[in-house]
Amino acid sequence: MRITLLVVGKTDSRQIDDLTAVYTKRLQHYIPFNMDVIPDIKKNAKTDQSRQKELEGQEILKRLDSSDLVVLLDERGKSLTSLEFADYLEKKMVAGLKRVVFIIGGPYGFSNDVYDRADDKISLSKMTFSHQMIRIFIIEQIYRSMTILKNEPYHHE
């Protein structure tokens, strides 16, 4: 199984890029992982929030295969502990899926078409974080899950 993190918009923070790179490198020791960045949508006078979500949604859907398991990182998704998330990933690996795609939407969330395509929704917190910070959080949690599944000492209860 491969994991792809699909994100809308590049980050303008070197610190976020650096920390993302640290956890990406650690994670690739356990499972094939990549991050695919959809360029920011150029805004004009006709681009309101709804239109921006629609345009971002079109770009997201272009990058998905029909066999992908699509998981939205969404505030209305289910909340999992790190151990539950590790169990969730283990079940996906055992199921023989080719690719799991976690998606971080833009600042206004997802279009209805993306919600319709999603197989699952997970919330990383009841709090709201920038879509740039969530990159670090989900990559670290996937890494943590891999260490839990391998019984390595990274995670402590």
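Lys91 and Asp87 sit four residues apart in helix α3, about one turn of the helix. Helices here are DSSP runs of H or I with at least four residues, strands are runs of E with at least two, and both are numbered from the N terminus. The side chains of Lys91 and Asp87 meet in a salt bridge, with 3.2 Å from N to O. That term stands for a side-chain nitrogen of Lys or Arg within 4 Å of a carboxyl oxygen of Asp or Glu. Lys91 counts as exposed because its relative accessibility is 53%, while Asp87, at 34%, counts as partly exposed. For these labels, buried means under 20% relative accessible area, exposed means over 50%, and partly exposed is in between (1.4 Å probe, protein chains only).

A word on the model itself: it is predicted, so local features need pLDDT of at least 70 and side-chain atom pairs count only at pLDDT 80 or more, while totals for chains, interfaces and linings use all residues. Residues are numbered from 1 along each chain as its sequence is written, and side-chain values use heavy atoms, with hydrogens and water left out.

## Other charged pairs

Side chains of opposite charge can pair when their charged atoms come close. By the salt-bridge rule, the count comes to 11. One of them joins the side chains of Asp18 and Arg14, at 3.9 Å from N to O. This pair is separated by about one helical turn, because Asp18 and Arg14 are four residues apart in helix α1. Asp18 is partly exposed at 38% relative accessibility, and Arg14 is exposed at 64%.

Arg63 and Asp36 also meet through their side chains in a salt bridge, this time at 3.3 Å from N to O. Arg63 lies in the loop between α2 and β3 and Asp36 in strand β2, so this pair ties together parts that are 27 residues apart in sequence. Both count as partly exposed: Arg63 has a relative accessibility of 26%, and Asp36 has 24%. The two belong to a network of salt bridges that links Asp36, Glu59, Lys62 and Arg63.

## The sheet and its helices

Five strands make an open sheet in the order β2-β1-β4-β3-β5, with parallel pairing. Two strands pair if DSSP finds at least two bridges between them. At the edges are β2 (33–38) and β5, each pairing on one side only. Neighbouring strands of the sheet are turned by 30° against each other on average, direction ignored. β3 and β5 pair in the parallel sense over five bridges, and Leu73 has Ile122 in β5 as its bridge partner.

Helix α2 (residues 49–62) packs on the sheet, where it touches β1, β2 and β4, and its direction makes about 160° with that of β1. Helix α3 lies across β1, β3, β4 and β5 and runs at about 160° to β3. Axes are lines fitted to C-alpha atoms, for helices over the stretch in contact, and angles run from 0 to 180 degrees between N-to-C directions.

## The nonpolar cores

The largest nonpolar core has 24 residues, among which Leu5, Phe102 and Ile142 touch the most other members. Such a core is a set of buried Ala, Val, Leu, Ile, Met, Phe, Trp, Tyr and Cys residues joined through side-chain atoms within 4.5 Å. At least two residues of this core come from each of β1 (2–8), α1 (14–27), β3 (69–79), α3 (82–94), β4 (99–104) and α5. The largest share, six residues, is supplied by α5.

Contact means heavy atoms within 4.5 Å. Leaving aside neighbours within four places in sequence, Phe102 is in contact with residues including Leu5, Leu73, Phe85, Ile122 and Ile142. There is also a second, separate core of 12 residues, which includes Ile60, Val101, Ile103 and Phe110.

## Two spots toward the end of the chain

Ser145 is found in helix α5 and counts as buried because its relative accessibility is 0%. Apart from neighbours within four places in sequence, Ser145 is in contact with Ser82, Phe85, Ala86 and Leu89.

Met127 is placed in the loop between β5 (120–123) and α5 (131–149). With 58% relative accessibility, Met127 counts as exposed. Its C-alpha atom is separated by 8.0 Å from that of Glu75, a residue 52 places away along the chain.
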